Amino acid sequence: VEAWAQVGLRVPVLVVFTFVVAVPAVISLTYLFLFVIAAAWLALLGFSIPVAMLERDPDVKNVFDRIAYSLLRSIRLARVEYLHALGVAAALIIIVLVFSVPLTVGLVGFADNGRAIGTALAQVVLAPFFFIGLTVLYYEQQARAAVSSPPEAA
């Protein structure tokens with residue numbers, strides 16, 4: 001119950017991030033030659049959703065401050081080792097694209113599903129793995145940021 005209450009509190013922020021992070025990435029993936037742009041976009045702003053859900057800043061007073069804090073923190077996490085984040089995001093996108101084609105073909109032939117239904121079912125199966133990979137990348141970048149930051153002066 002508490003988890004759903006926390007999600008309910010963050011719905012406005014998550015809706016904004018859906019349009020800021022996910023929609024440009026999906027649009028650029030519809031054209032395969034824009035793959036690099038999609039990976040770069042996810043590597044830069046993809047951490048904003050975990051930041052909005054997991055991190056707390058006492059200075060954040062309203063939804064707009066939370067959005068700004070999450071985007072800024074995402075950019076800071078990406079800058080720790082951007083090429084690493086870009087490579088992992090690109091690898092995750094490639095894995096989803098490679099496995100979605102045969103899975104979609106198999107699901108279209110199964111039980112007379114249409115192409116759209118087969119694609120949707122394939123994404124239902126593959127999307128959790130993609131987002132788990134991005135979550136692991138978030139924690140990895142957070143650990144890298146903690147290690148690379150200078151110690152506090154006494």
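This is a predicted model: local features need pLDDT of at least 70, side-chain atom pairs count only at pLDDT 80 or more; totals for chains, interfaces and linings use all residues.
The protein as a whole contains 6 helices and 0 strands, and its pattern, read along the sequence, is α-α-α-α-α-α. The C-alpha trace spans about 65 × 35 × 25 Å along its principal axes. Of the 154 residues, 30% count as buried, while the accessible surface of the protein comes to about 9,700 Å², with 75% of that area belonging to carbon and sulfur atoms. When contacts between residues at least 6 apart in sequence are considered, 68% of them join residues that are at least 24 apart.

Helix α4, which runs through residues 63–80, has 18 residues and reaches 26 Å from its first C-alpha to its last, close to the 26 Å expected at 1.5 Å a residue. At the start of this helix, a side-chain oxygen of N62 comes to within 3.2 Å of the backbone nitrogen of F64. The buried residues of α4 are I67, S70, R73, S74, L77 and A78. Seen down the axis of α4, these buried residues fall within an arc of 140°, so they line one face of the helix. An α-helix has 3.6 residues a turn, so residues three or four places apart point the same way. On the other side of α4, F64 and R79 are exposed. The buried residues of α4 pack against α1 (2–30), α2 (35–45), α3 (48–54), α5 (82–109) and α6 (115–148).

Within helix α4, the residue R73 may be examined in more detail. R73 has a relative accessibility of 19% and therefore counts as buried, the cut-off for this class being under 20%. When its neighbours within four places in sequence are left aside, R73 is in contact with V51, E55 and Q142.

Helix α2 likewise contains a set of buried residues, namely F35, A38, A39, L42, A43 and L45, and what covers them includes α1, α3, α4, α5 and α6. L44, which is also found in helix α2, counts as partly exposed at 29% relative accessibility. Leaving out residues up to four places away in sequence, L44 touches S74, I75, A78 and Y82. L44 and L71 are 27 residues apart in sequence, and the distance between their C-alpha atoms is 9.1 Å.

The largest nonpolar core has 22 residues, and those with the most contacts inside it are L42, F47, L77, I93 and F130. Helices α1, α2, α4, α5 and α6 each supply at least two residues of this core, and the largest share, 6 residues, comes from α5. In soluble globular proteins, nonpolar side chains tend to be buried together. For F47, the contacts beyond its neighbours within four places in sequence are with L42, S74, L77, A78, A85, L137, Y138 and Q141. Two of these partners, L42 and L77, are themselves listed with F47 among the core residues with the most contacts, and S74, L77 and A78 are among the buried residues of α4.

Not counting residues up to four places away in sequence, L107 touches N113, G118, L121 and A122. The C-alpha atoms of L107 and I117, which are 10 residues apart along the chain, are separated by 8.2 Å.

Key. Residues are numbered from 1 along each chain as its sequence is written. Side-chain values use heavy atoms; hydrogens and water are left out. Helices (H or I, at least four residues) and strands (E, at least two) are DSSP runs, numbered from the N terminus. The expected span of a helix is 1.5 Å times one less than its number of residues. Buried means under 20% relative accessible area, exposed over 50%, partly exposed in between (1.4 Å probe, protein chains only). The arc is that of the directions from the helix axis to the C-beta atoms. Contact means heavy atoms within 4.5 Å. A polar contact is a pair of N or O atoms within 3.5 Å; within protein, one must be able to donate a hydrogen and the other to accept it, and residues adjacent in sequence count only if both atoms are side-chain atoms. A nonpolar core is a set of buried Ala, Val, Leu, Ile, Met, Phe, Trp, Tyr and Cys residues joined through side-chain atoms within 4.5 Å. Accessible areas come from the Shrake-Rupley method with a 1.4 Å probe; for residues, only the protein chains shown count as cover.
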